[in-house]
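Welcome, and please open your viewer with the selection panel ready. We will go from one selection to the next and look at what each one holds.

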Amino acid sequence: MFKVNENYLKLPGSYLFSTIAKKVSAYQEAHPEKEIIRLGIGDVTRPIAPAIIEAMHKAVDEMGNAATFHGYAPDLGYQFLRDAIVKGDYQSRGVDISADEIFVSDGAKCDCSNIQEIFGTDNKIAVCDPVYPVYVDSNVMAGRTGTYDPQTEVWSDIIYMPCTRENHFVPELPKETPDMIYICSPNNPVGTALTKEQLQVWVDYANAHGAVILFDAAYEAYISEENVPHTIFECEGARTCAIEFKSFSKNAGFTGVRLGYTVVPKDLKCGDVMLHSLWARRHGTKYNGAPYIVQKAGEAVYSEEGKAQLKEQVAYYMNNAKVIKEGLAEAGYEVYGGINAPYIWLRVPEGMTSWGFFDYLLETANVVGTPGSGFGPSGEGYFRLTAFGNYENTVKAIERIKALNK
Ligand SMILES: Cc1ncc(COP(=O)(O)O)c(C=O)c1O
C-alpha cells in the first residue's frame, strides 16, 4: 500500500485566500445587488506595458519560423536575460553579482518554497510573524516544523520573530539561533521595509552564526526611500550568507505571465559545498526553463522604454497607496506601510479581531481586505489593504470606509 507524505496532513485549514474567496462569494450570493471592491489579494490590475507586449509579439513570431524557433530554454535561463538582470538590478547599484549566479525561473513563489529542498530537514527556520505563508507551509511539507498548536497557531520547531508596531515591524535577533532565516523586505504583509543598517545587522548575525538568509525582494520596485536597500547584496558580507528571490510579478505585472529569478552567490558555502551547485543541480533536474517568449518579455523590462513605462505603473499603484494611507488616517485609523511597498497595514478598531473587521468591512462598506491574523499570530489586530486595485475603485473604497465613521 502506498503511503502519503504525512507532513501534508499537518497543514492547518485551507489557504487564507480561499477562505476569503468563500466568504466573499457567500456574501455576494446573498446580496447580488452590492458592488464589492476587492483590495485583498496582492494581484496586479494594470495591463502589461506596451514595450513588453511588443517584445512578446516579436518572440511569438520567431517561434513560428523554423530559422528562429526556440525549443527548450537553457536550464538556468537565457544569457540575454541573465545579462540584462545583472546590468539592470546589480551593476547599476555597484553590486557584485555575475550572470552565472542568476537562476531564471517562473516566479518567486516556486523558488522561495523550493529552496528549502537543498537544506537538511534538521535545520531550524526563523520567520517573521506575520509572514508570507509560503515560507512556513513549504517547510511544513518538508517536515521541518514540528507540531502545530491550533490554539496558539504556532509550530513547535519554528522560531517566530514578531513584527508589530511595538518594534516598528523590524524583526529582533532571536534568542535561539536559527539555521535558515526568511526575510522579506519590502514586506508583505506589513508594507514596511528594512533600512540598509537594519538589514546589515542580519547579514552580520548570519555570518557570525553560520546561518543563511533567504531574502525575498519581490517588492523591490516599490522602494521610494533612499536608505532602503534594493538588494541584500548591497550589505557587506551578504555574498557568504544570502540567497535572494526576485519576481517580475509586481514590478512588471507578470503575475499571469510568470517570471522570476534567484541569486545564489558562489561564495555561499556549507563547509566545502557550494549552495550554487546544489541549486543548479535541483533546477536542472526539476525545472525545464521559463518560456523563450516570457524571457524575451523579461528582457524588455530592462529596456529604456520598458523602464519608463514600468516606472509609471509603479507610480500608479503607489498613488493608490497614498489614497488609502491618507484616507484611513483621516478616518482615524492607525496605518503603517504604503511608502516602500504597495501594502497598507492598519490597526483594527479596539475590541475587534482581524476576522471581525473583515466581516464588518465586507458587510458595511462592501470592501474586501485581508485579516492580519491570516499571516500569523502577531498579525491579530491588524488588517491588510493592497494598492493593486484600479484608482477609481480605490478612491471609492476609501470613501465608503470614511463614511462609516460619520
Ligand atoms: C512576499 C512574496 N514573495 C513572492 C511572491 C510570489 O511572486 P511570484 O508571482 O513571482 O511567484 C509574492 C506574491 O504575492 C509575495 O507576496
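The tour below starts with the domains and ends with some backbone details.

**Before you click**

You are looking at a predicted model, in which local features need pLDDT of at least 70 and side-chain atom pairs count only at pLDDT 80 or more, while totals for chains, interfaces and linings use all residues. Numbering of residues begins at 1 along each chain as its sequence is written.

**Stop 1: the two domains**

Colour 6-47 + 306-404 as domain 1 and 52-302 as domain 2; such bounds come from an automatic or database domain assignment. Their centres, taken over C-alpha atoms, are 25 Å apart. At the contact, 34 residues come from domain 1 and 43 residues from domain 2, where contact means that C-beta atoms, placed from the backbone, lie within 7 Å.

Now keep the side of domain 1 that touches domain 2. Helix 10 (304-330), strand 13 (335-337) and strand 14 (343-347) are the elements giving two or more residues to that side. Helices here are DSSP runs (H or I, at least four residues), strands are E runs of at least two, and both are numbered from the N terminus. Helix 10 supplies the largest share, six residues. By class, that side has 17 nonpolar, twelve polar and five charged residues; Ala, Val, Leu, Ile, Met, Phe, Trp, Tyr, Cys and Pro count as nonpolar, Asp, Glu, Lys and Arg as charged, and the others, Gly among them, as polar.

**Stop 2**

Select the four strands in the order 13-14-17-16, which form an open sheet with antiparallel pairing; strands pair if DSSP finds at least two bridges between them. Strand 13 and strand 16 (370-371) are the edges, each pairing on one side only. Helix 10 packs on this sheet, touching strand 13, strand 14 and strand 17 (382-386), and its direction makes about 15° with that of strand 14. For that angle, axes are lines fitted to C-alpha atoms, for helices over the stretch in contact, and angles run from 0 to 180 degrees between N-to-C directions. Zoom in on the three bridges between strand 13 and strand 14, then find Gly337 opposite Ile344 in strand 14.

**Stop 3: the ligand**

Which residues are closest to the ligand? Among the 14 that surround it, they are Gly107, Ala108, Lys109, Ser247 and Ser249; a residue is near if its C-beta atom, placed from the backbone, lies within 6 Å. Helix 4 gives the most to this shell, three residues.

**Stop 4: an enclosed helix**

Next, select helix 9 (residues 292-301): nine of its ten residues are buried, so the rest of the structure largely encloses it. Buried means 20 or more other C-beta atoms within 10 Å of a residue's own, exposed means 12 or fewer, and partly exposed is in between, with C-beta atoms placed from the backbone. The buried residues of helix 9 pack against helix 2 (50-63), helix 3 (79-90), strand 2 (102-105), helix 7 (249-252) and helix 10.

**Stop 5: backbone details**

Most residues other than glycine have a negative phi, and most peptide bonds are trans. Asp129 and Pro130 are joined by a cis peptide bond, with omega about 10°, and Pro130 sits in the loop between strand 3 and helix 5. Another cis bond joins Asn188 and Pro189, with omega about 15°. Finish at Glu153, whose phi is near 60°, a positive value; Glu153 is partly exposed, with 16 other C-beta atoms within 10 Å.

How values were computed. Contact = placed C-beta atoms within 7 Å.
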